[in-house]
Structure formats: C-alpha cells, structure tokens
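Reader: I have a new model open on my screen and would like to learn how to read it. Could you take me through it?

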Amino acid sequence: MLDLLKQYFGYDQFRPLQEDIISNVRAGHDSLVIMPTGGGKSLCYQLPALRFEGITLVVSPLIALMKDQVDGLKAIGIKAEFINSSQSYGETTRIRGEALRGELKILYVSPERLALEGFQNFLKQLKVSQVAVDEAHCISEWGHDFRPDYRGLGALRRSMPEVPFIALTATATHRVRDDIVTQLGLNSPKRFVASFNRENLAYEIRTKQNAFGQIVELLEVRRGQSAIIYCFSRKETEEIAVDLRQLGFAAKPYHAGMDSEARRRTQEGFITGEFTIVVATIAFGMGIDKPDVRLVVHYSLPKSLEAYYQETGRAGRDGLPSDCVLLYSYGDKSKQEFFINKIDDQIERKKSQDQLNNVIEFSQLTTCRRRYLLEYFGDDTVSQGEKQNNCGGCDVCTAPREQFDATVITQKILSAVIRTGERYGIAHVNAVLLGSRSKKVLDSEHDSLSVYGIVKDYDRNELREIAGMLESEGLIVKNEGEYPTFKVTEKGRRLLRDRESLTLSKPKRVERSRQTRVIAAMTDSPELFERLRRLRLEIARELDVPAYVIFGDASLRDMAAKVPQNLAQFALVSGVGSVKLEQYGERFLAEIADYSQHHPTATDGDRPTVRRTPNTHRSGSTYAETRDFLSQGMSVGQVAHRRGLTLGTIVSHVEMMVGNGMTVELASSLPKSDRMAKIESAIGEAGGIQAKLAEVMKVLDEEIPYEDVRIVRAHLTQSTNGVS
C-alpha cells in the first residue's frame, strides 16, 4: 500500500489513522471515520479501491465535489467517473458502459441517483467491492445538514450485506455518530476518530465594527490568495461582492438563489483561479475541494459549531498556515433567532437554539478557542494531557487581553433595562442610553428617562458586546418570544442595590500588523514559488483542469525549497507520484533550471541555501494607489496631479474608502482652520454627516469649493467611525 501511495499520490507515508482504516476496509469490515476536513478522508477508500477486484461506489451529495475528486484522480492515473444530473444522456450511457466492462475503479454518485429504480438495476450488474458514504452526517436528523435522501442508503446497505461500507464525515458529535451507524445499518463497524485539531488554522474573533472595512483589511494583505466569505443573506453576498470588485478585488457571489449554471460557473472560476474570492451564504454549502484557501471569514454568525468547523475547514487543506476570522456582533444573534422562532417543531426549535447558544459561547470565550472546539467534538487529545494554556493559534492565546472595570457601564445598562419596563430588546435599551432620537424612543417617551443619553464613551456595537457579557454573567436574561426582551435577574438587582463592582475581560487594543500571519520558517524562494505558480496555471489552462490538480501549493513550496536539478530529485518532492513525474517533471525542471541560472546562490550542490522573507509586494487597486499616495503626505490635489485624474475622482476614492471603514490619511487635504470651522458648522446645521451635500452648501454663506466640503465630511465620518 505504501508503494501505491507513492506511485499514485506522491507521498512517502500515511497520515494518522489512514493505514489502520485502509487495513480494516481491505479486511472486509465496516468502518466509521470521523476525520477533519483536509485530514485525508478520501484516501481511505481511494487507495484500497486500487487493490479491490471490482468497483468502489462513492456516495457524495455535492456535484462540484464529485467533479473535483474525479479530476484529481484522473490526473494521477486512476480510472474514475461520476454520474449526476449535470451530465447528458450520452455521457451517462458512456460511463455506465465503462463500469459494466470493468474499466472503472471508482464511481461517484449522488444519493438521489441511487434512489432511482433504473440505477438500482444497473448496480445489480456491477461487481461492487466497496461502498463509501461521504458526508455521512447528512443521514442523521441530529446532524447540522440533514438530507432525507440519505435515509435510503440503509436499504443499499441491506442489499449488499457482504460488501464493506465506510462512512466518512468531518464533523459529528457522539450522538450523531451513533445515529449514522443505526440509520446506515453498519455491521459492528470499527470507529476511527482522528484529532479535530487543525494545527495550521488560526482562529480569531473580531468585534464587528465597520464590517466591510474589516474584510477589506483582511483581503488587502492577501492579494492574489484564495478566500471565502460567509454571509447571512443572499443580498449580503451580492452587495459585498459588488463592493469588493469596486475596490479591485476579484470576487463573485454564490448562493442558492442563483441558477445552477451560474453556480457552476462560479465554482469552476474559483477553482481554476479565474477569481480568488467567493462570497457565499452560510445556508448553502459550497462543496468545493480547493486546497489553497488561505482565509475564511464569517461575516455573520454560523448556525452551529458543526457548521463553523466545517466551513473553516475549507481553509488550508494543503496543510499550510491559513486564517479563520469570525466578525462577531451580538446583534447577529437576533437575526438567527428570528428564523429559529419560526420553526414549528418545538424539539427542532430547541435544538437550533442550543446550537446557536454554543456559537455565542464560543464567540465570547476568554479562554482558548481551539481547546473549546476540541472538547465540543469529544477530541480525546484534550483529556490526554494536552491541556496547555496556550495553543498558539487562536486570538485568545496569542493576543493580549486586558481587564476593565465594567461597574459603571453595567449599572447604566441594568438601570436602563429596568427604567424601560423590561419590555424591550437590547437594541432599544442601547438606543436610549446613547440618546437616540428614533421614532420608537420618542413615541415611548423614553427620551425623558434619567438614563437617556447617559452613555458617551461606548458605541452601539460595544454596548451589545457588554450586554452579551452581562447575559453570560447571569445579570440579565432574555425572555423567549416572538420579540425577545430582556429583564434584570435577582443577581443583577443585587449588584445594583449593593453597588457591587464588576470586572470584565476584553481584547487589548493593539495596532494590527499589515501581514497578520507569515508562514513560519519559510525556506523556499518566494520568487521561484511565484514562477512555479505561473507555470502551474499555464499547464492547468492547457488541460482545462483546476491548478491544484497539477500540484498543490505545498508541493510547489517543496520544489522551491529543494530546487531539484533532475528527475530523480524531482521525484522526492512531496506530492510527486509516477504519473505527475512523467507528465510534468521536465517542464517544471526547466523552469527551475532557468531560475537557478539567474540566481546561482539558489543551490549549493543539491541543497537549497536561499532563505528569504516572504515577498509582500502586491499590485493594488486604483483605490489602494490613491490611499498609498495620501499616506505619503500628499494632498488630494497632489494625488490627482500625480495620477493624471480629476480632483473629483480622487475625492470620490476617499469617500468610497472612508464609507467602507478604511482609514485614510487626510491631514494634508483639509482646508485651513477658519474655513474648516465654517464647513463643520454648516454640516452640523444641515443635520450632520448624513445630510445631503446640497443642504450643506445652502447653509454656507460664502463660495467654498465643493471638494473641500466633501473632504471635511469624510474627515468627520472617519473621526466618528461613521456615527453622526
């Protein structure tokens, strides 16, 4: 099996559990495999398929994932095909013929296809040696992605009592694991549970403030790298994708409301590298097996920790460092609960609420997030002595935290909840505290309360976060109902009555570095790596396959580190099997040789000696170029002259960036103090920074350039974080 592993997949050794699972499958026993995304689940049935006499049937729920898997298998010389609704009758007939003639080793099908009587008759004519059920959690109602069509797989198992079944999933609690075994009818399966610890992933929760600007910041330092952004609604995916494109990012939306052809084009474009960013709805699983996703952002709260773990698991499947960032706002909880409260089934509603509560608890942790995830999924490594205080890969462990005296702000929040009659949600309570002039506040006459407008040092989002902490502390509690309201608990009333002090913990505010994570101990040449990436893309386009089918990033980095000079050395690169060695070896060696000729220090005999800092130079958008010039101390007028653009265009760039939460240096662009004072006064008289510019110009009693007014308004917007 090790020879086959090297010959086809290019690896010298198995990952943890793979060898044991393969041995169990080859012995004809049933298996339940719980292994995290990127942990090597597919190999557990793909490799033994090469030794079985007949065909291996793989049940997969996602068309895109089937195509990815088959493309990858064909690229390394394994006969594989898939049958699903995306194919023509002619294609299906051809593939069926190949299967009947014994020309295929692996056939992927959907559970819906298996349910068809005609397909069941076709299966009876095949010699099926193994059945693999991927995404097996879909068979359980207790799973996070239950699919009724999976329930028919129990009948398939009963029709093939002598064939070994292997059920695989990345996320399953103990209850779901038991349900998979029962519903699928596995025969005394051996259970293999790999560690859920994805060491190459870094988990971070950021308070959601100027959310689009936060996304831009994350993407700016990863220009050219693949990223997935998960949103709550279809509308959000469309809007964010459009806004990102306006800033020069190659982004496309992806959601269930798109027609199947549009979704297919988006999937293929993302996989082949036509564009690098997909903005997708949380509710719609993407099923994309792309190994080089470097960033996964949750713009909105996921519905469950299972969904969160699976979605973040799409990052760094090649084992290289990648980041998972969740933008947390307590207000997003209400969005989820609105739909949860519409669930008629009481048991299902409670399950959904419990799952959401786990996500909230995870987001508000002041202890290691990685350890919390491992314990949630029952990872035994936690109880086996690996309870270290610092995982080195989550924001709680790596970012400094600070304690703050929350006594006064807590008293204000609790008092406001009581003064408003404990009949409102936290949004209304915060509006009262901040002195809002909203219709709801005025109609309820809450502008006359003693707590009205008494909070000056916190904004709306910060108040939500603190309220969430107070709920966790048991000081306030939410009343369930169609319109959730808050009331103060006895513990909270005691704190108010006895004037008890309260200390809470929050992340310490530190200046974020431009590059949040750098691949540790990188020994390859970034320049050679980029040349190899370009060659890989060129070959991929020639063959019309995804770039990673040729070689993954990890293989390219290994090439750039080892700098092989001949085929024998190239064969030692991780991920280079016999087929890829024959197909691509000479072309990659030629590229490496050309690089080595112009960089003689790249090799020392056969050993690489180059050790460089990763190249962080990147081409930016037109907005980024304007921002760079402004950061050098230029005024908007000087930037316009330097770039050959109109002053109005440059000011528009500033307004776009500031409006999206980006920080722009405007000191050199502001008018003189007396003119600036007049403009500020006019903006205030016209209704604040949200007022129309035409109204501001009417208030001004002298001729002041329109662009000056726009720049001052942008400056005020920036200095108040967008709150007038």
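Author: Gladly! Let's begin with Lys-79, which lies in the loop between α4 (63–75) and β3. Helices (H or I, at least four residues) and strands (E, at least two) are DSSP runs, numbered from the N terminus. This is a predicted model, in which local features need pLDDT of at least 70 and side-chain atom pairs count only at pLDDT 80 or more, while totals for chains, interfaces and linings use all residues. Residues are numbered from 1 along each chain as its sequence is written, and side-chain values use heavy atoms, with hydrogens and water left out.

Reader: Is Lys-79 buried or exposed?

Author: Buried means under 20% relative accessible area, exposed over 50%, and partly exposed in between (1.4 Å probe, protein chains only). Lys-79 has a relative accessible area of 55%, so this residue is exposed.

Reader: Which residues is Lys-79 in contact with, leaving aside its neighbours within four places in sequence?

Author: Contact means heavy atoms within 4.5 Å. By that rule Lys-79 touches Glu-103, Leu-104, Lys-105 and Ile-106. Leu-104 is 25 residues away along the chain, yet the two C-alpha atoms are separated by 5.1 Å.

Reader: In what order do the strands of the sheet run?

Author: Two strands pair if DSSP finds at least two bridges between them. Here seven strands form an open sheet, β3-β4-β2-β5-β6-β1-β7, with parallel pairing. β3 (80–83) and β7 (190–193) are the edges; each has a single partner strand, so one side of each has no neighbour in the sheet. Within the sheet, β5 (residues 128–133) and β6 (residues 165–169) pair over three bridges, and Val-131 has Phe-165 in β6 as its bridge partner.

Reader: Which strands does helix α5 touch?

Author: Helix α5 (residues 89–100) packs on the sheet against β2 (55–59), β3 and β4 (106–109). For directions, axes are lines fitted to C-alpha atoms, for helices over the stretch in contact, and angles run from 0 to 180 degrees between N-to-C directions. The direction of α5 makes about 135° with that of β3.

Reader: How many disulfides are there?

Author: A disulfide is a covalent bond between the sulfur atoms of two cysteines. The rule used here asks for a pair of cysteine sulfur atoms within 2.5 Å, and the count comes to zero. For Cys-138, the nearest cysteine sulfur is that of Cys-44, 18 Å away. Cys-391 is in no disulfide either, with the sulfur of Cys-368 as its nearest at 3.7 Å.
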